[in-house]
Amino acid sequence: MRRKLFNITKTLLTLAALAPALSMAHAEDYPSKTIRIIVPVPPGGPTDTVARIVADRLHTAWGQPVIVENKPGGTGALANQTVNNANPDGYTILVGNVSTNAITFATDPEKTKDIKLKGVSNLIQVPGILSANGGLPVTSIQDLIAKMKSGELKDVKYGSGGVGTYPQIDALRFMTKNGLEATHIAYKGAGQILPALLANEIQLEFLNEASGLPLIKSGRLKGLATTWTERLPELPDVPTMQELGYGDIGTSAWHGMFVPEKTPADRVNKLYTAVAAIMADPDTQKKLADQYIKATPSKSPEEFSQFVDSERAKWAKIIKDNNIEVAPQ
Amino acid sequence: MDILQQLAHGFGIALTMQNLGYCLLGSAIGTMVGVLPGISPVTTIAMLLPLTFQVPAVSALIMLSGIYYGAHHAGSTTAIMLNMPGEPSSVVVCMDGHPMAKQGRAGIALCVSAIGSFFAGCVGIIVITLFSPLLSEAGLLFGAPEYTALVAVALMTASVMSNGSALSTFGMAVLGLLLGTVGTDVGTGLERYTFGLPELAEGVDFVVVAVGLFAFAEVTQHINAPERRGALSVKFSELFPRLSDLKQAFPAIFRGTGIGAALGILPGTGPLVSAFVAYAVERQVAKDKSRFGKGAIEGVAAPESADNAAAMTHFIPMLGLGIPAGPAMAMMLGALMIQGIQPGPQLMANHADLFWGVVASMWIGNLMLLIFNLPMVGVWIKLLTTPYRFLYPGIILFCCIGVYSVRNSAFDVLMAAGFGLFGMVARQFNCSPAPLVLGLVLGPIFEENFRRSLTISKGDPMIFLEHPISAGLLALFAVFVVIAVLTGARTQKHKLAEESA
């Protein structure tokens with residue numbers, strides 16, 4: 001009896017050991033088990049939202065369970081590490097963003113040097129709005145600059161989620177470029193920033209469109225400029241940073257999908273095809289548009305990888321040029 | 001009249017078969033999550049969020065809010081019965097709730113907390129109904145200097161938190177403050193005391209510490225103890241509070257409700273801080289302070305009421321202005337946005353159905369919770385007769401699941417085990433964990449706002465006195481210090497007199 005049990009166990013173990021090898025051998029069998037999507041932020045917010053929408057649709061398309069796991073920690077360090085060390089078999093996927101997969105690579109090279117991920121596709125971009133307290137006596141960006149220069153507007157403070165986050169870097173660059181002095185105040189998340197901005201504790205902040213829009217529409221905040229490539233349909237009177245001559249200052253945070261570097265190309269392509277179809281689906285686009293998020297899938301995995309590389313180079317230069325120090329030297 | 005009409009309209013929405021069902025479901029899940037130690041409403045809401053994609057927005061919010069306030073309602077059960085917070089903010093109820101259970105007064109403690117929760121919940125909803133738009137503005141009166149002063153007053157209460165020696169109380173509070181500094185400093189972006197571990201970059205999570213210090217330490221406490229055999233014989237007639245108990249509890253329920261309702265409105269505080277403050281206030285106003293920590297009924301009634309009142313009024317910044325005050329509220333905002341509903345100042349005007357439907361459902365949910373909780377008292381008492389060898393393995397399992405699910409981190413489970421070990425040692429030396437927890441919660445809020453205030457004022461400390469609210473709170477702080485010094489001197493004199501006699 002015991003021997004029989006032992007034999008069964010041995011057979012099962014052998015099968016279990018062979019299973020990954022078998023699935024490796026037949027790439028067309030992918031996916032044949034549960035897929036994990038690792039998200040580097042807590043639940044709520046655009047990164048988590050898009051990951052959950054994609055998970056839901058991937059599950060419908062492929063018939064395999066797709067689980068979203070939130071692993072916040074160290075601006076993506078924990079999630080990046082998890083996916084980096086995972087089996088490169090296409091069953092562990094990261095949905096990262098401009099902060100976790102480009103800016104930290106510039107601000108904290110030590111912690112990110114071993115992270116080797118392959119891009120699958122960009123998913124979304126979240127437009128930003130340079131917002132001011134509703135009572136701030138300015139009508140436009142030009143007016144703001146003039147009044148700050150003349151001293152009519154003194155002691156201007158801008159908020160952000162901390163040093164090294166893109167709203168802070170963008171605001172700093174905006175001030176530097178115009179030769180303006182302003183104080184930076186750091187907050188933890190939108191739950192602290194919004195009340196501070198509404199109460200005029202700070203006067204300026206780059207908010208994402210979803211947070212800022214309802215408050216701008218109700219007159220509690222003023223939208224001075226948007227970071228999108230063209231004027232937002234919801235705010236046709238608010239100019240873009242680009243048309244105001246600020247070029248690349250201002251971030252429309254991108255969120256994209258990554259897998260471990262050694263994931264086989266055919267699986268990456270299969271994943272890309274499925275994700276591209278999901279992002280092109282009108283129903284997905286409506287869900288995203290309802291939250292003021294733009295669907296921006298890449299043309300190919302290669303295009304996304306190139307985009308990420310260019311983003312890292314761009315932020316590395318910005319960090320260096322502005323002497324932004326976050327990681328201990 | 002207008003409000004009554006609106007509310008009646010809201011009831012029309014909340015009383016549809018479907019929404020009643022979601023309200024019941026939310027309250028039931030909330031109760032379950034509240035009773036199970038370690039599993040917090042935040043993780044539950046995160047897990048159930050995708051399910052709400054398919055249901056109408058009003059039903060989704062009715063269910064999610066039911067989970068939230070339901071968990072706060074039921075969180076005291078395990079705190080009283082097992083000395084483990086069933087939901088993080090019920091740590092405060094442990095302090096007097098569990099001693100009451102040990103004295104065979106568990107039924108009374110459970111009843112009082114159910115009544116207190118219900119009363120506080122109702123008051124909270126009345127506040128939401130009548131003053132939502134007005135009060136969301138009041139929350140904005142609190143900026144960095146005001147929070148600094150408020151937390152200074154609350155931290156002062158750490159000194160009266162436990163019956164231990166002044167030295168051990170102070171030591172545990174300082175340890176809590178130090179633990180609060182672990183993580184990424186929001187002011188500079190630098191990591192502090194993380195030892196290069198990304199697991200520590202977001203700081204030490206409160207759930208991890210609460211589970212370790214309370215649940216795990218409690219379990220280890222019984223390893224050596226002889227197996228208890230259902231010996232706690234409580235007569236049914238003793239399950240329910242007598243008039244004298246209620247007389248003692250009701251003033252505490254009123255005070256706790258008031259404190260909770262007020263502090264819940266501020267986006268920067270919330271149920272947990274409210275519960276701590278309510279407990280401390282109760283101790284301050286009590287004639288005989290030595291009863292606290294040994295089963296004072298006010299020590300259950302006040303924090304439990306404050307917790308529930310704050311859990312209700314915490315919706316105000318979210319519904320009124322679209323401010324995500326805390327992670328649970330952030331997820332509810334997310335749930336609304338996924339449905340294409342823009343939260344913000346216009347929510348009440350543009351989506352009156354949603355607002356009033358949810359508010360009406362809160363009344364129904366609160367009533368359901370009372371019906372769930374009061375008759376269950378007898379069932380929970382039975383729990384005490386379960387031998388530990390059956391009960392505790394299950395509890396440890398749930399705690400591990402709960403801690404793990406906060407951020408899907410096995411590291412956190414190990415860290416909770418470490419805190420369990422520390423808690424075990426601390427108990428041997430009669431060091432109460434409450435001041436540590438308080439320090440951990442309030443320390444970061446204090447530090448952040450203190451530094452933020454000074455950045456705003458460019459280093460001028462007068463900012464704390466120039467803002468009237470913070471000046472008022474600091475005056476209160478000074479009064480507390482004077483009282484503490486005077487009573488301290490008096491007891492000292494007392495002791496000296498006793499010794500010389």
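**Charges, rings and strands**

A: Start with a charge over a ring: A:Arg312 lies over the face of A:Phe105, 3.7 Å from the ring centre. Keep in mind that this is a predicted model.

Q: Which ring does the charged end of A:Lys33 sit over?

A: The ring is that of A:Tyr91, and the charged end of A:Lys33 is 4.7 Å from its centre.

Q: How do I read two rings together, and how many aromatic pairs does the structure hold?

A: Look at the distance between the ring centres and the angle between the planes; planes under 30 degrees apart count as stacked. Over all chains, the structure holds 15 aromatic pairs. One of them joins B:Phe446 and B:Phe450, at 5.8 Å centre to centre with 10° between the planes, and is stacked.

Q: Where in chain B do B:Phe446 and B:Phe450 lie?

A: Both are in helix H19 of chain B, which covers residues 434-456. They are four residues apart, about one turn of the helix.

Q: Are B:Phe446 and B:Phe450 buried, partly exposed or exposed?

A: Buried means under 20% relative accessible area and exposed means over 50%, with partly exposed in between. B:Phe446 has 26% relative accessibility, so it counts as partly exposed. B:Phe450 counts as partly exposed because its relative accessibility is 33%.

Q: Why is the pair of B:Phe450 and B:Phe464 stacked?

A: The pair is stacked because the planes are at 5°, with the ring centres 5.7 Å apart. This pair links distant parts of the chain: B:Phe450 is in helix H19 of chain B, while B:Phe464 is 14 residues away in helix H20 (residues 463-466) of chain B. B:Phe464 has a relative accessible area of 8%, so it is buried.

Q: Which residues form one aromatic cluster in chain A?

A: The cluster consists of A:Trp254, A:Phe258, A:Phe304 and A:Phe307.

Q: Now strands. Which strands does E1(A) pair with, and in what sense?

A: For a strand, ask about its cover, then its partners. Strand E1 of chain A (residues 35-39) is mostly covered, with four of its five residues buried. E1(A) pairs with strand E2 (residues 66-70) of chain A in the parallel sense over five bridges. The bridge partner of A:Val39 in E2(A) is A:Asn70. Between E1(A) and E2(A) the chain passes through helix H2 (residues 46-62) of chain A, in a right-handed β-α-β crossover. E1(A) also pairs with strand E3 (residues 92-97) of chain A, in the parallel sense over three bridges. There, A:Ile37 stands opposite A:Ile93 in E3(A).

How values were computed: Residues numbered from 1 in each chain as written. Chains lettered and ligands numbered in written order. Predicted model: local features only at pLDDT ≥ 70, side-chain atom pairs only at ≥ 80, totals over all residues. Heavy atoms only, no water. Phe/Tyr/Trp six-rings, centres within 6.5 Å; stacked < 30°, edge-to-face > 60°. Helix = DSSP H or I, 4+ residues; strand = E, 2+ residues; numbered from the N terminus. Buried < 20%, exposed > 50% of the residue type's maximum accessible area, 1.4 Å probe, protein only. Lys NZ or Arg CZ within 6 Å of the ring centre and 35° of its normal. Pairing = 2+ DSSP bridges. Right-handed = clockwise from strand over helix to strand, strands pointing away.
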